[in-house]
Amino acid sequence: MAGRRVVVFPSSAELGPALAHLVTSRAERAIRSRGRFTLGLSGGSLVTMLSKELLAIAGLDCRKWVVGFCDERVVPFDSPDSTYGLYKNLFFSKVNIPEDGILSIDASLPVNECAEDYARTLKKAFPDGDVPVFDMLLLGMGPDGHTCSLFPNHPLLEESEKTVAPISDSPKPPPERVTMTFPVVNAARAAVFVSTGGSKAPVLKEVLEGKEGPAFPAARVSPTNGELLWLIDEPAAASLTMQVERMGSGAKL
């Protein structure tokens, strides 16, 4: 791993613009180097923050973006639980990203087939190598320390062969989901966690400062040849005693 940065902002109001600038600056770099920018998205509160702040950037050009999903709920796209559906309404429909640049699941399939189909979709988009290498994955973390749909003490934490795995017993509803596995997450050039709010403070301390026993899923994110960034706000950082970077308004990563 190229190194871990833990960056604390006063609130999500300052974090959001810095995140958007990070995404667009990495997009420009990737497009210069490789001709496209590959981005993995997560759901939850990240959808609204990211969409709002990216759309605030003048001249945003997404023609060479390829966007996938770190995990997805196997529900119709018009369901409020669909991560794709939320991004479509708040972001995709308002920018010039090509339709074939959005790697969505086939939600009409049963969960096991859906995962196999999405693995094929990723393979087509990333034909080189056994594992897709995204330029950036944007990740969230639940209060239980889960990330993607990789939950504590679940057998999927040990999945090493599949790139995309089904889960039909998610502890968090809806129960049927597909998720990237750790081989994909840890192959990324950059894994970026966004974690805000005081409810995350206890688990964030354990994830970042260590705890005895099995590591939380989020603590197992450690890109082999990439970088790891944690972007958090002061309420989420409240219990940390480790050294962190602190950023103010207008800061750029």
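The model is predicted: local features need pLDDT of at least 70, side-chain atom pairs count only at pLDDT 80 or more, and totals for chains, interfaces and linings use all residues. Residues are numbered from 1 along each chain as its sequence is written, and side-chain values use heavy atoms, leaving out hydrogens and water.

**Stop 1: strand β8**

Select β8, residues 190-195. Helices (H or I, at least four residues) and strands (E, at least two) are DSSP runs, numbered from the N terminus. Because 6 of its 6 residues are buried, β8 is largely enclosed by the rest of the structure. Buried means under 20% relative accessible area, exposed over 50%, and partly exposed in between (1.4 Å probe, protein chains only).

Show the side chains. Ala 190, Val 192 and Val 194 point one way; Ala 191, Phe 193 and Ser 195 point the other. In a regular strand the side chains alternate between the two faces of the sheet.

Two strands pair if DSSP finds at least two bridges between them. β5 (residues 136-139) runs parallel to β8, joined by 3 bridges. Find Leu 137 opposite Ala 191. β9 (residues 227-233) also runs parallel to β8, with 6 bridges. There, Val 194 stands opposite Leu 231.

**Stop 2: the largest pocket**

Select Gly 43, Gly 44, Gly 140, Met 141 and Lys 172. Of the 23 lining residues, these lie nearest the centre of the largest pocket. On a 1 Å grid over the protein atoms alone, a pocket is an open set of points where a 1.4 Å probe fits, with protein on both sides within 12 Å along at least five of seven lines; lining residues have an atom within 4 Å of a point.

The space is about 410 Å³, a volume filled by probe spheres set on grid points joined across faces, edges and corners. α2 (46-55), β4 (71-73) and β8 each supply at least two lining residues.

**Stop 3: the rings**

Select Phe 37, Trp 65, Phe 69, Phe 77, Tyr 84, Tyr 87, Phe 91 and Phe 92, a cluster linked by ring pairs. Rings of Phe, Tyr and Trp (its six-membered ring) pair if their centres lie within 6.5 Å; planes under 30 degrees apart count as stacked, over 60 as edge-to-face and the rest as tilted. The whole structure holds 11 aromatic pairs. Zoom on Phe 77 and Tyr 84: tilted, 4.4 Å centre to centre, 50° between the planes. Phe 77 is partly exposed at 32% relative accessibility; Tyr 84 is buried at 13%.
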